[in-house]
Amino acid sequence: MRLERVSFRYHRRGPWVLRDVTLSLPRGRVIEVTGRNGAGKSTFLRLVAGLRTPRGGAITRRPGTVGYAPERFPADQPFTVRAYLTHMAAMRNAPRASITTWARRLAFEHLLDTRLPDLSKGSAQKIGLAQALLAAPDLLILDEPFAGLDAATRDSLPSLMADLAAEGTTIVVSDHQRCLAGLPDLVRVHIADTTAHLVPAPTSAAPAASAAPADPADVPLVQAIPSGRAGGTEPAGRADGRGRTGTPADPDADPDGDPDGDPDGDPDGDPDGETGLGGPETEGGDGAWRVVEVVVPAGQAEQVISRLRADGYEVREPGR
C-alpha cells in the first residue's frame with residue numbers, strides 16, 4: 001500500500017490530525033503503529049482500512065479484502081455470539097466453517113451461545129478479532145487487540161499474526177502493551193506532530209550486547225534531573241502546566257473531548273501507556289523546565305535524536 005501526501009482532519013476548520021503523510025506499507029509484514037496519546041494512531045488505522053477518506057492526498061494499492069477490529073468491540077447488540085458471527089460471515093461471503101475455526105483458535109467455543117452484552121471485555125475482544133478474520137483478509141487492521149485478553153490468548157496472538165503475515169496478509173496494529181516487541185521482522189510506523197514515518201530497524205553492525213531498540217520509547221531513561229537542581233545544565237525542553245516536557249500541542253483534539261480526534265472514539269483517549277519524558281509520572285511537575293538524560297549506544301544516537309525531535313523535544317548532545 002502507498003500513502004501519498006495523505007492529510008486528514010475531522011472538521012473542515014479543525015486541526016489537522018495527519019498532514020502530508022507519504023510512506024509505503026510492505027505486503028506480508030506485521031506493521032506496528034506507535035505514538036503518544038492523541039497522536040492520531042486510531043485515525044491512521046481507519047484511513048488505512050478505508051473507513052475514513054483523506055481530506056487530501058491518496059491511498060493506493062489497498063488490498064481488496066480488509067478486516068478491521070476496533071479498540072472497543074460494540075457488544076451492546078441483541079445477538080448471541082453465534083448469531084452475530086453467522087451474520088458477519090454472510091455479509092463477508094465467508095464460509096460458516098470459519099466461525100468454528102476461529103472460535104477454536106481464539107478459545108471461545110464455550111461462548112458461542114452467550115449474548116454479546118453478557119461478555120466480559122476480554123471475551124468481547126476475541127469476538128471483535130474473529131469477525132475481522134472470518135473472510136481471510138489480505139489487509140488486517142487491529143486497534144489495540146491485546147487489551148483485556150486472557151494471558152494465553154495474549155501470548156499466542158503475536159505468533160498468529162506472524163503466521164498470517166507469512167501467508168501474505170499485511171497486518172497493521174497498534175499495541176500500547178508492547179506485546180509485539182519480540183516479533184521478528186516487525187515494521188514500525190511512528191506518528192508524531194501530525195506526520196508518520198517508518199522507523200528504521202537497528203543496524204546489524206551494532207554489537208548485540210548493546211543494541212538499542214528501534215523505538216526510542218524503549219530507550220532506558222538513565223537519569224531524570226528534578227527541576228531546580230543546581231549545576232547549570234541547560235533545559236531539554238519546555239514544560240506545560242502539568243510538568244510534561246516538550247510534548248507538542250495535541251493535534252487531535254475534538255469538540256467531544258476525544259483526544260484522538262475521533263467523534264465516536266474512546267473518550268478516554270488512546271491508552272497507549274506512552275508518556276512524555278518528564279511527564280506527570282515524574283516528580284516535580286510544577287511547570288519548570290525539565291532535563292532528561294538519555295543514554296544510548298553511539299550507533300543508535302542519530303535515530304533516537306530524530307525521533308525525539310519529531311516528538312517535539314529539544315535535544316542537545318553532550319560535548320565531546
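1. A friendly place to start is Phe44, which is buried, with a relative accessible area of 1%. This residue is found in helix H1. Please keep in mind throughout that this is a predicted model.

2. What does Phe44 touch, once residues up to four places away in sequence are set aside? The partners are Leu3, Leu18, Val33, Val172, Val189, Ile191 and Ala196.

3. H1 spans residues 41–49 and is mostly covered, with nine of its nine residues buried. The buried set includes Lys41 and Arg46 as well as Phe44, Leu45, Leu47 and Val48. Gly50 follows H1 and has a positive phi, near 90°.

4. Now to the sheet. Six strands make up an open sheet with mixed pairing, in the order E5-E6-E7-E3-E8-E9. Its edge strands are E5 (66–69) and E9 (195–199), each of which pairs on one side only. On average, and with direction ignored, neighbouring strands of this sheet are turned by 20° against each other. As a reminder, strands of a sheet pair through backbone hydrogen bonds, either parallel or antiparallel.

5. Residues 187–192 form E8, and six of its six residues are buried.

6. With E3, the pairing is parallel over five bridges, and Glu32 stands opposite Arg188 in E8. With E9, the pairing is antiparallel over five bridges. The hairpin of E8 and E9 has two residues between the strands, and there Asp193 takes a positive phi near 55°.

7. At the E5 end of the sheet, E5 and E6 pair in the parallel sense over four bridges, with Ala69 opposite Leu142 in E6. Two helices pack on strands in this part of the chain. H4 lies across E5 and E6, running at about 170° to E5. H5 lies across E3 (30–35), E6 and E7 (170–174), and runs at about 150° to E7.

8. On salt bridges, the count comes to seven. One of them joins Asp20 and Arg5, whose closest N and O atoms are 3.5 Å apart. Asp20 lies in strand E2 (residues 18–24) and Arg5 in strand E1 (residues 2–8), so this pair ties together parts that are 15 residues apart in sequence. Asp20 is partly exposed, with a relative accessible area of 39%, while Arg5 is exposed at 52%.

9. A second pair brings us back to H4. Asp150 forms a salt bridge with Lys126, with the closest N and O atoms 2.8 Å apart. The pair links distant parts of the chain, 24 residues apart: Asp150 is in the loop between strand E6 (139–143) and helix H5 (151–166), and Lys126 is in helix H4 (residues 121–133). Buried or exposed, where does Lys126 fall? Lys126 is buried, with a relative accessible area of 7%, whereas Asp150 is partly exposed at 32%.

10. A further pair to check is Arg104 with Glu109, where the closest N and O atoms are 4.0 Å apart. The cut-off for a salt bridge is within 4 Å. Glu109 is partly exposed, with a relative accessible area of 41%.

11. Finally, some totals for the whole chain. There are six helices and 11 strands, and buried residues make up 47% of the 320 residues. Among contacts between residues at least 6 apart in sequence, 73% join residues at least 24 apart. The accessible surface comes to about 15,500 Å², and 51% of that belongs to carbon and sulfur atoms.

Technical notes:
Residues are numbered from 1 along each chain as its sequence is written. This is a predicted model: local features need pLDDT of at least 70, side-chain atom pairs count only at pLDDT 80 or more; totals for chains, interfaces and linings use all residues. Side-chain values use heavy atoms; hydrogens and water are left out. A salt bridge is a side-chain nitrogen of Lys or Arg within 4 Å of a carboxyl oxygen of Asp or Glu. Buried means under 20% relative accessible area, exposed over 50%, partly exposed in between (1.4 Å probe, protein chains only). Two strands pair if DSSP finds at least two bridges between them. Axes are lines fitted to C-alpha atoms, for helices over the stretch in contact, and angles run from 0 to 180 degrees between N-to-C directions. Contact means heavy atoms within 4.5 Å. Accessible areas come from the Shrake-Rupley method with a 1.4 Å probe; for residues, only the protein chains shown count as cover.
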